[in-house]
Amino acid sequence: MQGKIYKILSNFYYVKVNNEIIECKAKGKFKKDLVDLYVGDNVIIEKIDNNKGNIIEVLPRKNSLKRPSVANVDKLIILLSIKAPAPDYILLDKQIIYCLKNNIIPIICITKIDKDKNNEAEKIREIYSKIGYRVYCISSKENIGIEELKQELHDYLCVFAGNSGVGKSTLVNTICNNNVMAEGNISKKTSRGKHTTRHVEIIQNQNYMIADTPGFSLFEINDIQKEELAIYFEEFKAYTQRCEFRDCTHIKEEKCGVKQAVNNNDISQERYNRYVTIYNEISKNNCDFK
Ligand SMILES: Nc1nc2c(ncn2[C@@H]2O[C@H](COP(=O)(O)OP(=O)(O)O)[C@@H](O)[C@H]2O)c(=O)[nH]1
Ligand SMILES: [Mg+2]
Ligand SMILES: [Zn+2]
């Protein structure tokens, strides 16, 4: 029988098979060979009792996230809030890069739009939907945009990411219509939420598969070389043929199609600036290690 690991508690793996949860152990030779089993892993089990079984095989993963451990993530719901905390655009772009690198669909979700006095959400939506990303503007507090977002999540294994305090727990609770997650209070001093979410588990609710996580606030993109960074700024691609050099970095070169496109407003200046910032960050890291 094939199923998906929904929860791991010490040595027990809770595997969902046809809408039924089977409590499994990883046994014998298989256990020894196996480095790790993650929530989200698709596994083959043999049933030994009514609600008990053994995991005998794990199927190849399409991706896996390390901290926290989740496998086979379909969509990363990247949350950024209009206020408290202010939008972290560098983090947003790094998370998009991370998704593209790991075969995950990035979904951008701007939260707390009830606090949007300057129509900032619309600006963000414009920039990112033009590139081709799906952008949702929501308010859990005033129940705006929740239904549209729900359609996006249906039947996909989704992980919510974003800085502490952006409204991850509140949103998951709103979507699931119950109090499955602890909501942190924002401490006035730092304007950042407390870490209240501890373990990973796929929340079982109708047709949603939401892996609640302690929060992906920091993304390491150490394994990305600066030479490949431009690939992950997908809107550059249409203009790179106009670069004079094939290995153009799109930074210092004079005849650069990407820079021309920025000047013509075909590529967002802000996105381009963040490309340069991230490029320099990667360069520095490389220098540190070489
Ligand atoms: N104004 C407003 N506040 C929100 C909204 N969603 C969440 N919050 C508040 O933001 C704070 C942090 O929310 P929480 O869900 O714990 O954030 P998390 O750290 O990302 O899980 C809490 O005080 C929430 O009440 C919203 O849509 N509008
Ligand atoms: Mg939380
Ligand atoms: Zn160039």
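Among the contacts in this protein between residues at least 6 apart in sequence, 65% join residues at least 24 apart, where contact means heavy atoms within 4.5 Å. Before I go on, please keep in mind that this is a predicted model, in which local features need pLDDT of at least 70 and side-chain atom pairs count only at pLDDT 80 or more, while totals for chains, interfaces and linings use all residues. Residues are numbered from 1 along each chain as its sequence is written, chains are lettered from A and ligands numbered from 1 in the order in which they are written, and side-chain values use heavy atoms, with hydrogens and water left out.

The protein has seven helices and 15 strands; these are DSSP runs numbered from the N terminus, with helices (H or I) of at least four residues and strands (E) of at least two. Buried residues make up 49% of the 290 residues, and by buried I mean under 20% relative accessible area, with exposed being over 50% and partly exposed in between, for a 1.4 Å probe and protein chains only. The accessible surface comes to about 15,700 Å², of which 46% belongs to carbon and sulfur atoms; areas come from the Shrake-Rupley method with a 1.4 Å probe, and for residues only the protein chains shown count as cover.

As a local example, take I5, which lies in strand 1 (residues 2–9) and is buried, with a relative accessible area of 0%. Leaving out residues up to four places away in sequence, I5 touches a set that includes Y13, Y14, L37, Y38, I55 and I202. The C-alpha atoms of I5 and V70, which are 65 residues apart along the chain, are separated by 9.7 Å.

Let me turn to the salt bridges, of which the structure holds 15, a salt bridge being a side-chain nitrogen of Lys or Arg within 4 Å of a carboxyl oxygen of Asp or Glu. In one of them K75 pairs with E152, and the closest N and O atoms are 2.6 Å apart. Because K75 lies in strand 8 (residues 75–81) and E152 in helix 4 (residues 146–153), this pair ties together parts that are 77 residues apart in sequence. Both ends are covered, K75 being buried at 3% relative accessibility and E152 being buried at 6%.

A second bridge joins the side chains of R271 and D93, at 2.8 Å from N to O. R271 belongs to helix 7 (residues 269–289) and D93 to helix 2 (residues 89–101), so here the parts tied together are 178 residues apart in sequence. R271 is buried, with a relative accessible area of 1%, and D93 is likewise buried, at 0%. These two residues also belong to a network of salt bridges that links D93, E235, E270, R271 and R274. Apart from its neighbours within four places in sequence, E235 is in contact with I131, I267 and R271.

What, then, of a bridge inside one helix? The side chains of K150 and E147 meet at 3.5 Å, N to O, and both residues lie in helix 4, three residues apart, which is about one turn of the helix. K150 counts as buried at 11% relative accessibility, whereas E147 is partly exposed at 48%.

Finally, the cysteines and the metal. Which residues supply the protein donors of the zinc ion (ligand 3)? They are C243 (SG), C248 (SG), H250 (ND1) and C256 (SG), lying 2.1 to 2.4 Å from the ion, where donors are N, O and S atoms within 2.8 Å of the metal (3.2 Å for Na, K and Ca), and sites may look incomplete since water is not among the atoms. Angles of 104 to 115° among the four donor atoms make the site tetrahedral, a label that for four donors requires all angles to lie between 85 and 135 degrees. In sequence, the donor residues are spaced C-x4-C-x1-H-x5-C. C243 and C256 are both buried, and C248 is buried as well, with a relative accessible area of 10%.

The structure holds zero disulfides, a disulfide being a pair of cysteine sulfur atoms within 2.5 Å. As for C109, its sulfur is 8.2 Å from the closest cysteine sulfur, in C137, and is therefore too far for a bond; C109 itself counts as buried, at 0% relative accessibility.

Terms used. Four donors count as tetrahedral if all angles lie between 85 and 135 degrees; four count as square planar and six as octahedral if opposite donors are over 155 degrees apart and all others between 65 and 115; anything else is irregular.
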